[in-house]
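Below is a short note on the salt bridges of this structure. Please read the points with the model open.

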Amino acid sequence: MKTTFIALAALLAGTTVSAQDNKPGYQFTDVAKVKVTPVKNQASTGTCWCFATTSFMEAELLRMGKGEYDLSEMFIVRQKYMNQLQDNYIRRGRGTLGQGSITNAWKNAFNEVGIVPEEVYDGINYDSDKHNHRELNQYVHAIAEVAIKNKHRSPEYYKLINNLFDTYLGELPAEFTYKGKKYTPKSFAQSLGLNMDDYIEITSFTHQPYYQQFAPEVPDNWERKLMYNVPLDEMIAITDHALKNGYTVCWDGDVSEKGFSHKNGVAINPEVKKLEDMSGTDRARFEKMDEKARLEEAYKFEAPCPEVNVTPEVRQAGYESFVTTDDHLMHLTGIVKDQNGTKYYITKNSWGTERNTFGGYLNMSESYVRAKTIYILVHKDGIPKDIQKKLGL
């Protein structure tokens, strides 16, 4: 077991620490760590769902002994847009055409059109060195709106859509050569040996029966994907079991909270001190603070602190008050514990390597994950046998 101290900032494998000068900081000890591919950058796009799922699938290829692959996110993103446009039209304009989505969109696109390596289709065919889909997405909305208004999709509509994606993302390759072998996108996908039926979405909410499937009511689940609903403790048990047995986990959840600090390399869910629980000088100091100052006191990121005990009821309350949303997907690649024994999940983000000093990684505490997860994606063999049985897998 290796201990990671404050002085270490390189974090090549993803263990993260956070500290300020003369502060105790965070000291993390590795519990489990799975090999993954390098951090990428989604840049100015809402395609975290694709970057996280691609990273997850690349890790699966490593686990399967297939070697290291760099797969094209934008090849999948393009097909996702096509599927969204179809869904939005059939729903008479009441669908969603935003940049976001969830892991199911990746799986469906992979099954429909295959995939290619990044070197074959990088998805940047415009004047930029990084992804930026603001203008592209505006044109997607504009073309879709005309078709809805006309209640008809003409041959020219399809030409416009394909030309739009060709212009911004590049023309799709009918075939290509990779490492000396010729492929089509479909045959390349087949060569990888990934079976989308092996990958299971797991969620945990109390407004639906456990051990049954339902479609979480979040905007990015526009395909209305059914997911297995399990008790909160079992969702955590699945995550832990997978990571300790060589499987990674794709995570969808909420990063809008004060406790999520990519800069500091941690996501925490601290207990905010209550005046009635204090005495003496602490009480006197706290009484002088306004609400903003009291919150800042809890979110200093200087050292581990007591965190909220997240029960299913606490988690459900966050969901039903719309405080907990599905605004980001990331890739869980391991487990660490801090100096107090608190568990965190090593998390690979898709915001590049330069936005924090931890190579684009952070550690999310178990309390944060319990409260802010919408769902996880995992290989079915990464689920404990007893839970598999309950789910009929």
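1. A salt bridge here is a side-chain nitrogen of Lys or Arg within 4 Å of a carboxyl oxygen of Asp or Glu. This is a predicted model, where local features need pLDDT of at least 70 and side-chain atom pairs count only at pLDDT 80 or more, while totals for chains, interfaces and linings use all residues. Residues are numbered from 1 along each chain as its sequence is written, and side-chain values use heavy atoms, with hydrogens and water left out.

2. The structure holds 19 salt bridges. One of them joins Glu 366 and Arg 370, at 2.9 Å from N to O. The two residues are four apart in helix H11 (residues 366–372), so about one helical turn separates them. Helices (H or I, at least four residues) and strands (E, at least two) are DSSP runs, numbered from the N terminus. Both Glu 366 and Arg 370 are buried; buried means under 20% relative accessible area, exposed over 50%, and partly exposed in between (1.4 Å probe, protein chains only). Through shared partners, salt bridges join Asp 233, Asp 240, Lys 343, Glu 366 and Arg 370 into one network.

3. Glu 234 pairs with Lys 390, with the closest N and O atoms 2.7 Å apart. This pair links distant parts of the chain, since Glu 234 is in helix H7 (residues 232–244) and Lys 390 in helix H12 (residues 385–391), 156 residues apart. Glu 234 counts as buried because its relative accessibility is 14%, whereas Lys 390, at 40%, is partly exposed.

4. Glu 201 forms a salt bridge with Lys 225, at 3.8 Å between the closest N and O atoms. Glu 201 lies in strand E5 (residues 199–203) and Lys 225 in the loop between strands E6 (213–214) and E7 (227–229), so the pair ties together parts 24 residues apart in sequence. Glu 201 is buried at 2% relative accessibility, and Lys 225 is partly exposed at 22%.
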